[in-house]
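Thank you all for coming. I would like to walk slowly through one protein model this morning, so please keep the picture in view while I talk.

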Amino acid sequence: MEKPNFILIDDDKIMLFLIEFEIKKHFDSSSIVSYDRSDVAFNFIHHNVRDLENTVILLDLNMPVMDGFQFLENLNSFSHNLKVIIVTSSISDEDREKTMIYPFVKEYINKPLKGLDLKRIIANS
């Protein structure tokens, strides 16, 4: 993948800051957009999907309003070329299995995210 752009979705603003910091260390010229509400992020993505080439979504699972599972189901309802990486505190095998059924989900990572892991995943996807 050429230089990726990132959409971060997590209801924890401190976690968003830390993930953004890791991305900037390893992907210095990538654009990064952060959302602390997944429903707002989904609306942006749905309305702008044609402009989101080379975009990687880093998605938390446990969020209010629309959780990560609902987000994935909604994302599955239309055609796109997005890549999703789950970044969560959940260590549940059931959660991992539920997310990995979607072909656009490339990896399931436990928090905290490490930039080198992200580089490896993107290089292999």
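With 125 residues, a compact globule would have a radius of gyration near 14 Å, and the protein has 13 Å, which agrees; the radius is taken over C-alpha atoms, and the globule rule is 2.2 Å times the number of residues to the power 0.38. Please keep in mind that this is a predicted model, in which local features need pLDDT of at least 70 and side-chain atom pairs count only at pLDDT 80 or more, while totals for chains, interfaces and linings use all residues. Residues are numbered from 1 along each chain as its sequence is written, and side-chain values use heavy atoms, with hydrogens and water left out.

Along the principal axes, the C-alpha atoms fill a box of roughly 35 × 30 × 25 Å. Of the 125 residues, 46% are buried, where buried means under 20% relative accessible area, exposed means over 50%, and partly exposed lies in between, with a 1.4 Å probe and protein chains only.

How many helices and strands does the protein have? There are five helices and five strands, and read along the sequence they follow the pattern β-α-β-α-β-α-β-α-β-α; both are DSSP runs numbered from the N terminus, helices being H or I with at least four residues and strands E with at least two.

Let me turn to the aromatic rings. The structure holds five aromatic pairs, one of which joins F6 and F27 edge-to-face, at 5.2 Å centre to centre and 65° between the planes. This pair links distant parts of the chain, since F6 sits in strand β1 (residues 5-9) and F27 in the loop between α1 (13-26) and β2 (32-35), 21 residues apart. Both F6 and F27 are buried, and elsewhere F42, F71 and F78 form one aromatic cluster. Rings of Phe, Tyr and Trp (its six-membered ring) pair if their centres lie within 6.5 Å, and planes under 30 degrees apart count as stacked, over 60 as edge-to-face and the rest as tilted.

Finally, the backbone. Most residues other than glycine have a negative phi, and most peptide bonds are trans. The peptide bond from K111 to P112, however, is cis, with omega near 0°, and P112 is placed in the loop between β5 (105-110) and α5 (115-124). N54, in the loop between α2 (38-48) and β3 (55-59), has a positive phi near 55°. V65 also has a positive phi, about 70°, and lies in the loop between β3 and α3 (68-75).
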